[in-house]
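Here are a few notes to read with the model open in your viewer. Take them one at a time and find each residue as you go.

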Amino acid sequence: MLKRSGKKPSIRKLLILKLDNLFSLYIRLKTKNTFGPYCPFCSKNPIECCFHFITRSKYSVRWDERNAVGSCHGCNYRMEYDPHKYVQWYIKNYGQEKYDELIKDSNIIRKLDNEDLRLLCLEIKQKMFIEGLNKKFRREPWAGERPFQR
């Protein structure tokens, strides 16, 4: 969430916030379709947030589907202190090669400008539409859209 101060947040911060929210929604809906309505780790609580295996501070994999799955808040919090259980879950479900590839990709430094962020937003909306995850789109959400134009 953006802190309230006297000045307006930059376009970049707004784009990142929108992209984070959109990606989180996409991952949670996709996880519900794949694993059911409950957290894939504990199978007790409903899916409430987007769980990242590699920290979100690494922009090269921050919005990468391979790096995220929907989870409950408890499992998302416990990941900070005991990541081994969740890494083992990833390897069991996706394989050691995929995990090694994700680690390798996370070490790539990636600079994203505002246009790249806009394109990622449109790409996620397009995936949601194609996969039928978001029924609120009445038309192709990327058609003729110009996000964050003032």
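1. Start with a charge and a ring. The charged end of Arg62 sits over the ring of Tyr59, 5.1 Å from the ring's centre. Keep in mind that this is a predicted model.

2. Now the aromatics. Searching the whole structure turns up 14 aromatic pairs. Take Phe41 and Phe51: their ring centres are 4.7 Å apart and their planes meet at 50 degrees, so this pair is tilted. Phe41 is in the loop between α1 and β1 while Phe51 belongs to strand β1, so you're looking at a link between distant parts of the chain, 10 residues apart. Phe41 counts as buried at 12% relative accessibility, and Phe51 is buried too, at 0%.

3. Next, look at Trp89 and Tyr94. Their ring centres lie 6.0 Å apart with planes at 75 degrees, so call this one edge-to-face. Trp89 is buried at 12%, whereas Tyr94 is partly exposed at 39%. Ring pairs tie these residues into a cluster that includes Phe41, Phe51, Trp89 and Tyr94.

4. Finally, the largest pocket holds about 380 Å³ of space. Its lining has 16 residues, with Cys50, His52, Arg56, Asn76 and Glu80 nearest the centre. By type, the lining splits into nine nonpolar, four polar and three charged residues.

Technical notes
Residues are numbered from 1 along each chain as its sequence is written. This is a predicted model: local features need pLDDT of at least 70, side-chain atom pairs count only at pLDDT 80 or more; totals for chains, interfaces and linings use all residues. Side-chain values use heavy atoms; hydrogens and water are left out. On a 1 Å grid over the protein atoms alone, a cavity is a set of points where a 1.4 Å probe fits but cannot get out, and a pocket is an open set with protein on both sides within 12 Å along at least five of seven lines; lining residues have an atom within 4 Å of a point. Grid points are joined across faces, edges and corners, and a volume is the space filled by probe spheres set on the points. Ala, Val, Leu, Ile, Met, Phe, Trp, Tyr, Cys and Pro count as nonpolar, Asp, Glu, Lys and Arg as charged, and the others, Gly among them, as polar. Rings of Phe, Tyr and Trp (its six-membered ring) pair if their centres lie within 6.5 Å; planes under 30 degrees apart count as stacked, over 60 as edge-to-face and the rest as tilted. Helices (H or I, at least four residues) and strands (E, at least two) are DSSP runs, numbered from the N terminus. Buried means under 20% relative accessible area, exposed over 50%, partly exposed in between (1.4 Å probe, protein chains only). A charge sits over a ring if NZ of Lys or CZ of Arg is within 6 Å of the ring centre and within 35 degrees of the ring normal.
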